[in-house]
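Trainee: I have a chain to read. Can we go through the terms together?

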Amino acid sequence: MIRTFFALTLAAALAGCNQQDQAEADAANAAANAAPIVLPPSIIASKIYRCKDNSVVYIDWLSDNKSANVRTEQNGPATHVVAPEVGQPMVAEGFSLTGAAADSDVSLTRPDKGAQSCHV
């Protein structure tokens with residue numbers, strides 16, 4: 001009776017180890033077959049621009065070179081503008097931005113202001 005109890009206990013313990021090993025193998029396979037993680041672009045430059053109508057805009061240029069975050073107030077909400085290809089205008093929700101992080105002049109169209117040039 002005691003031998004049977006120990007034999008069953010040992011069998012149950014070994015079966016549990018096998019299931020744990022299989023679960024770890026399944027998790028490793030899932031991780032290996034998962035799509036690669038793509039991080040969002042980082043901010044490469046944050047600049048303040050004075051526009052032709054004397055308003056100020058805050059632009060965070062992103063490292064993918066085809067997107068930026070535009071704010072019309074220093075701590076206001078940002079509008080994320082994106083271009084289909086590098087060098088094309090970045091657009092979103094009535095906004096259009098032409099320029100790059102290295103430029104001191106950009107062209108910005110806003111819903112409430114229209115198109116105008118802005119300078120660092």
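Trainee: Why is threonine 79 called buried?

Mentor: Its relative accessible area is 12%. Buried means under 20%, exposed means over 50%, and partly exposed is in between, with a 1.4 Å probe and protein chains only. So threonine 79 counts as buried, at 12%.

Mentor: A word on the source. This is a predicted model, where local features need pLDDT of at least 70, side-chain atom pairs count only at pLDDT 80 or more, and totals for chains, interfaces and linings use all residues. Residues are numbered from 1 along each chain as its sequence is written, and side-chain values use heavy atoms, with hydrogens and water left out.

Trainee: What makes histidine 80 partly exposed?

Mentor: Histidine 80 has 39% relative accessibility, so it counts as partly exposed. Histidine 80 lies in strand β4, residues 79-82 (strands are DSSP runs of E, at least two residues, numbered from the N terminus). Threonine 79 is in strand β4 too.

Trainee: What makes a polar contact between the side chains of histidine 80 and asparagine 69?

Mentor: The distance is 2.8 Å. A polar contact is a pair of N or O atoms within 3.5 Å; within protein, one must be able to donate a hydrogen and the other to accept it, and residues adjacent in sequence count only if both atoms are side-chain atoms. So the pair at 2.8 Å qualifies.

Trainee: Why does aspartate 60 count as buried?

Mentor: Aspartate 60 is at 11% relative accessibility, so it counts as buried. Aspartate 60 sits in strand β2, residues 56-62. Its side chain makes a polar contact with the side chain of serine 46, at 2.7 Å.

How values were computed:
Helices (H or I, at least four residues) and strands (E, at least two) are DSSP runs, numbered from the N terminus.
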